[in-house]
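Good morning, and thank you for making time for this item. I shall go through one structure, beginning with the backbone and ending with the overall dimensions.

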Amino acid sequence: MAEEENRVILHGFWGSPFVKRVEMALKLKGIPYEYVEEDLRNKSPALLTHNPVTKKVPVLVHNGKPVAESLIIIEYIDEVWKTTGPKLLPDDPYKRARVRFWADFLHRQVMEAVLVILKTDGEAQEKAVKELEEKLVVLEGGLKEEGVFGDNGGISSAGMLEIVMCWCFGAYDLGEEVLGVKIVDWEKKAPLVYSWLQGIREIPVVKEIAPPKEKMLATLRFIRQSALESKNLAVSSS
Ligand SMILES: N[C@@H](CCC(=O)N[C@@H](CS)C(=O)NCC(=O)O)C(=O)O
């Protein structure tokens, strides 16, 4: 099938890190797409039809066929548009498996700890900060072994790992602004990961698709406030 015949539609939400992953993958590869902004409180019939299982964004609809789950979508994009733009995963099956492993680690473990920090305070938050630091130390060692970092840290290429890392920590300074504290001592715990992240944040596509700062800050504050209020409600009614 000629690539020109492809019609690509992305159902998303402006502030979703998972949607940003897919936008970044499409932009890095240079694949034209149509974007449909979803109201997550009133999802479109198209979204509900295309992703009846989780009903979440992102959903990529390629020539009428839907693909859901951000990590799966990134792999799909890389496999379909093999010769368009840069490779997002390595060709070698073993190296590809390793990239998938670390992407999954970031997706499930690191991102989870980041969300807990945003949504809690007191002891629960301190515990999550400690957990995050431990995971970053593991990540630093693991990625060093994989040879992910460029010379003197920085990035050597932008692929799946950089995409997932970007929308896990790309806005960490906004998170710190909302919490009013420094979350991670990067220099002490994970200096290579930190300089790698700084390199990722400089990628032009990242700057192009980053959500507006004030809007993002308001959303992070809202998520935090709602989580803390529902926790307090649960405590007072128990
Ligand atoms: N594991 C999914 C997570 C997607 C996700 O959580 N999307 C959120 C937006 S950030 C969503 O659609 N929420 C709407 C809902 O839960 O109903 C992925 O990686 O794509």
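This is a predicted model: local features need pLDDT of at least 70, side-chain atom pairs count only at pLDDT 80 or more; totals for chains, interfaces and linings use all residues.

Lys55 is partly exposed, with a relative accessible area of 37%; here buried means under 20%, exposed over 50% and partly exposed in between, with a 1.4 Å probe and protein chains only as cover. Although Lys55 is not a glycine, its phi is positive, at about 60°. The residue is found in the loop between H2 and S3, where helices (H or I, at least four residues) and strands (E, at least two) are DSSP runs numbered from the N terminus.

Residues are numbered from 1 along each chain as its sequence is written, and side-chain values use heavy atoms, with hydrogens and water left out.

Which residues does a cis peptide bond join? They are Val57 and Pro58, with omega at about 5°. Pro58 lies in the loop that runs from helix H2 (45–50) to strand S3 (59–62).

Glu69 sits between strand S4 (65–68) and helix H3 (70–80), in the loop. Its relative accessible area is 40%, so Glu69 is partly exposed. As background, most residues other than glycine have a negative phi, and most peptide bonds are trans.

Let me turn to the annotation. An unreviewed UniProt entry places the feature "domain: GST N-terminal" at residues 6–85; such positions are given in the numbering used here, and annotations may be inferred rather than shown by experiment. That span is 38% helix and 21% strand, and its end C-alpha atoms lie 15 Å apart.

Now the whole chain. The protein has 11 helices and four strands. Its radius of gyration is 19 Å, close to the 18 Å that the globule rule gives for 238 residues, so the protein is as compact as a globular protein of that length. The radius is taken over C-alpha atoms, and the rule is 2.2 Å times the number of residues to the power 0.38. Along the principal axes, the C-alpha trace spans about 60 × 45 × 30 Å. Of the 238 residues, 45% count as buried.

Finally, contacts, meaning heavy atoms within 4.5 Å. Among those between residues at least 6 apart in sequence, 71% join residues at least 24 apart.
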